[in-house]
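Below is a brief report on one protein model.

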Amino acid sequence: MVDIIARRKLFFTIPLVVLVVTIICAAVFGVELDINFRGGSLVVYSFNGEVVDKALIESTLSEALGQPASVQEQRDVVSGSMNYVATLSSKEGITPEKQQELTNALTEKFPQNQVAVVSTNNVDPAIGRDFFVKSMFAVIVAAILMILYIALRFRKMGGWSAGVFAVIALLHDVMYVFATFVLFRFPISDSFIAVALTILGYSINATIVIYDRVRENKRVIGNKHTNDEIVNISVNQTLARSINTTISTALAMGTVCVVAKLYHVDSIVRFAFPMLIGILAGAYSSVCIAGPLWAWWQNRKAAQKKQA
């Protein structure tokens, strides 16, 4: 039997270290924001002939624009040709004259590639901010409802504390998703919101299963075992299920990451890879965070009651 409680200090320390590293990296290197949240323009260019180094495209656009520009590769699934999506950070958008100037600069730099503009979109950051605020409101409402549900469903084992620690475990998972975006320099975008909301729904399921075993074991053998022992027994009873579910889901998401990377579909990579990390973090928090936190709190309450 795996003794989870005996190693809980280690299990609690690991996410704290990740949190500190993430905060330091965010403070030093900054947090990249997607164009939907900071505004700007998206210009898709097509290049014929030999494959072009996107770093050269970035430097050419940045020099012509007078401010930083980032370029992502995007393969056209119909024609099989490689397009390049240029993200321009100009908040007021790009004028037709400036767009022509950029196209001329690329044509001059790559005369053999027949550079052409496929599409141009100016993005208003207000839409992204509104979407972010509504998503955060949805997360807060979901967290409150989860606490209420767990408090009622598991009231015989101290439901309010169980609900709060389940939500803390979910915040742990979202923290790992955020750390992935920061450390791998993925821009915070609607992909981050989608991953965070998906992980909230996915991870809580495993925690509820463990809580259900804790409640049942507390009813059956609670007079023979301490809270620490009950949590250990419950976690080990559900450990095989947690591992199998996590592995099967992680394999599927890992396959999506590999295929998307091979075909240069960066938008899918920026969703699938943080999702993979979130799935692993969800398994970790359900097994190593939620149950041990509940046991620690119950022991603390019992000690205070005894002392009083």
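Phe181 is buried, at 1% relative accessibility. Buried means under 20% relative accessible area, exposed means over 50%, and partly exposed lies in between (1.4 Å probe, protein chains only). This is a predicted model: local features need pLDDT of at least 70, side-chain atom pairs count only at pLDDT 80 or more, and totals for chains, interfaces and linings use all residues. Residues are numbered from 1 along each chain as its sequence is written, and side-chain values use heavy atoms, with hydrogens and water left out.

**Aromatic rings**

The structure holds 13 aromatic pairs. Rings of Phe, Tyr and Trp (its six-membered ring) pair if their centres lie within 6.5 Å; planes under 30 degrees apart count as stacked, over 60 as edge-to-face and the rest as tilted. Two of these pairs are set out here.

| Pair | Centre to centre | Angle between planes | Type |
|---|---|---|---|
| Phe165 and Trp297 | 6.2 Å | 70° | edge-to-face |
| Phe181 and Phe186 | 6.0 Å | 85° | edge-to-face |

Phe165 lies in helix α6 (residues 159-183) and Trp297 in helix α9 (residues 266-307), so their pair ties together parts 132 residues apart in sequence. Helices (H or I, at least four residues) and strands (E, at least two) are DSSP runs, numbered from the N terminus. Phe165 is buried at 8%. Trp297 is partly exposed at 29%.

Phe186, the partner of Phe181, is buried too, with a relative accessible area of 14%. Both belong to a cluster linked by ring pairs, which also includes Phe178, Phe184, Phe192 and Phe273.

**Strand β3**

How many residues of strand β3 (residues 82-88) are buried? Seven of its seven are. Met82, Tyr84, Ala86 and Leu88 point one way, while Asn83, Val85 and Thr87 point the other way. In a regular strand, side chains alternate between the two faces of the sheet.

Strand β3 has antiparallel partners. Six bridges join it to β1 (residues 40-46), where Val43 has Ala86 as its bridge partner. Seven bridges join β3 to β2 (residues 69-75), with Ser70 opposite Thr87. Two strands pair if DSSP finds at least two bridges between them.

**Arg241**

Arg241 is found in helix α8 (residues 227-262). At 31% relative accessibility, Arg241 is partly exposed. Leaving aside residues up to four places away in sequence, Arg241 touches Asn205, Ala206 and Val209; contact means heavy atoms within 4.5 Å. Ile144 is 97 residues from Arg241 along the chain, and their C-alpha atoms are separated by 27 Å.
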